[in-house]
Structure formats: C-alpha cells, structure tokens
Amino acid sequence: MAKTYTYRTIIEKDGDGFHGFVPLLSGLHTTGSTLEETKRNLEDAIKCHLEGLKKDGITPPLEQDTMEVIQTITL
C-alpha cells in the first residue's frame, strides 16, 4: 500500500541556477537551472531517498517529529 510523505523543502538562488534541499533528509541536495526544474529534481531525489530507506528497512523521518524555529540575531 502506498504511503504519502510530506517534507519541507528549501530552494535558494545559487549563481545562475537554484539549489534545493530537504533539511529533514540528511544529505539530500539537488540543483536546477530554473525553479521548476529544481522542484522536479527535489521530487525525484526525495522519492529515491525514501526508496533507499525502505530497501534498508529504515522508517523515514516525519516532519511532525521536528520543530521549525526562526531566530533573529542582532549584532
């Protein structure tokens, strides 16, 4: 039975293209020439990462197990 996973992704401008990553999935980074290409590449990378975890018998981490905090620092 298929299971649906939801992950927070971050895409940043990087030179002439974009860099995307998933903070909860350690080591998952990708790039793209456009924002749309980077989104597609992230989707493919997430699927591949989750399939690898499943193959290794590892339960994928869930966003509900994390907390996002934005901090403001004044120097």
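The model is predicted, with local features requiring pLDDT of at least 70 and side-chain atom pairs pLDDT 80 or more, while totals for chains, interfaces and linings use all residues. Residues are numbered from 1 along each chain as its sequence is written, and side-chain values use heavy atoms, without hydrogens and water.

The sheet, then. Strands are DSSP runs of E, at least two residues, and helices are runs of H or I, at least four, numbered from the N terminus. Two strands count as paired if DSSP finds at least two bridges between them. The sheet here is open, with three antiparallel strands in the order β1-β2-β3. Because β1 (10-14) and β3 (29-32) are edge strands with a single partner each, one side of each has no neighbour in the sheet. On average, neighbouring strands are turned by 25 degrees against each other, direction ignored.

β1 and β2 are antiparallel over five bridges. Two residues lie between the strands of their hairpin, where Gly15 has a positive phi near 65 degrees. β2 (residues 17-21) pairs with β3 over four bridges, also antiparallel. Gly20 is opposite Thr30 in β3.

Helix α1, residues 35-55, packs on this sheet and touches β1, β2 and β3. Contact here means heavy atoms within 4.5 Å. The direction of α1 makes about 150 degrees with that of β3; axes are lines fitted to C-alpha atoms, for helices over the stretch in contact, and angles run from 0 to 180 degrees between N-to-C directions.

Next, charges. The whole structure has three salt bridges, defined as a side-chain nitrogen of Lys or Arg within 4 Å of a carboxyl oxygen of Asp or Glu. One of them joins Glu68 and Arg8, at 3.5 Å, N to O. Glu68 lies in the segment after α1 and Arg8 in the segment before β1, 60 residues apart.
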